[in-house]
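I opened my notebook to work through this structure bit by bit. Here is what I looked up.

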Amino acid sequence: MGILKDTINGAAAIAQGMGVTFKAMLSPKTTVQYPEQKPPVKERFRGRHVLQRHDNGLERCIGCALCAAACPAQAIYVEAAENVPEARYSPGERYAKVYEINMIRCIFCGFCEEACPVEAVVLKHQYELSGYDRRSFIYTKDMLLLPGPDLPAPDGAIANGPKERSNTPTSDWRASLG
Ligand code: SF4
Ligand code: SF4
């Protein structure tokens, strides 16, 4: 009698286990074929930084270094220089002559983005940031700045005037992030 009971209990346990297996087989797959298939990230995901431009092509960054001051990892280095009427980079008095982020130090907290008074530095959705040596993780201004017209440009050659600032609302530039 004991053997029969054990056999029934064992068969019931196997059936229960196989039920879980078949249920999982029929449920939607949660794995994706990365890297060919990239899973979408949340809208507020913080990935690679970029330096944005105004609508007229001028650099948003004014070299104030508030982002560097706010960075808890001391990952940002900014060296400012003066704009002159013959050679302008940004609408402000100054621009970032050197702008570097050490991506090895970065913890993607977004404090730099929060601290920036002109929405110049933003963290986008790119997360594939591997490299083969430490130097390649120092992202320079050339690497960070979004494509645009060649700068510097004289004041007269800048569309809408050299002081033009596009105050794109945060929600709008978030939506345009890749
Ligand atoms: S995301 Fe945070 S850690 Fe990274 S550079 Fe900005 S402030 Fe520094
Ligand atoms: S990115 Fe923003 S906070 Fe940083 S130096 Fe440029 S303007 Fe200042």
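**Helices and strands.** I started with the fold of the chain and counted five helices and five strands. Bear in mind that this is a predicted model. Next I walked along the sequence and wrote down the order, which came out as α-β-α-β-β-α-β-β-α-α.

**The sheet.** Which strands form an open sheet, and in what order? I found three of them, running β2-β3-β5, with antiparallel pairing. I then checked the edges: β2 (76-82) and β5 (138-139) each have a single partner strand, so one side of each has no neighbour in the sheet. A reminder to myself from class: strands in a sheet pair through backbone hydrogen bonds, and the pairing can be parallel or antiparallel.

I zoomed in on one pairing. Strand β3, which covers residues 94-102, meets β5 in the antiparallel sense over two bridges. For N102, I looked up the bridge partner in β5, and that turned out to be I138.

**Burial and contacts.** How much of the chain is buried? I got 20% of the 178 residues. I also looked at contacts between residues at least 6 apart in sequence, and 75% of them join residues at least 24 apart.

**One residue up close.** I picked L151, which sits in the loop between α4 (141-144) and α5 (170-175). Is L151 buried, exposed or partly exposed? I counted 17 other C-beta atoms within 10 Å, so L151 goes down as partly exposed; the buried label would need 20 or more, and the exposed label 12 or fewer.

Then I asked what L151 is in contact with, leaving aside neighbours within four places in sequence. I noted E59 and Y89. I followed up on E59: along the chain, E59 and L151 are 92 residues apart, but their C-alpha atoms are separated by 8.7 Å.

**Ligand 1.** My next stop was the shell around ligand 1, where I listed 13 residues. The ones that come nearest are C71, C106, C109, F111 and C112. Sorting that shell by class, I got 12 nonpolar residues, one polar and no charged.

**Ligand 2.** Which residues are closest to ligand 2? I wrote down C61, C64, C67, C116 and V121, out of 14 that surround ligand 2. By class, this shell holds 13 nonpolar residues and one polar, with no charged residues.

Methods. Residues are numbered from 1 along each chain as its sequence is written. Chains are lettered from A and ligands numbered from 1 in the order in which they are written. This is a predicted model: local features need pLDDT of at least 70, side-chain atom pairs count only at pLDDT 80 or more; totals for chains, interfaces and linings use all residues. A residue is near a molecule or strand if its C-beta atom, placed from the backbone, lies within 6 Å of it. Ala, Val, Leu, Ile, Met, Phe, Trp, Tyr, Cys and Pro count as nonpolar, Asp, Glu, Lys and Arg as charged, and the others, Gly among them, as polar. Helices (H or I, at least four residues) and strands (E, at least two) are DSSP runs, numbered from the N terminus. Two residues are in contact if their C-beta atoms, placed from the backbone, lie within 7 Å. Two strands pair if DSSP finds at least two bridges between them.
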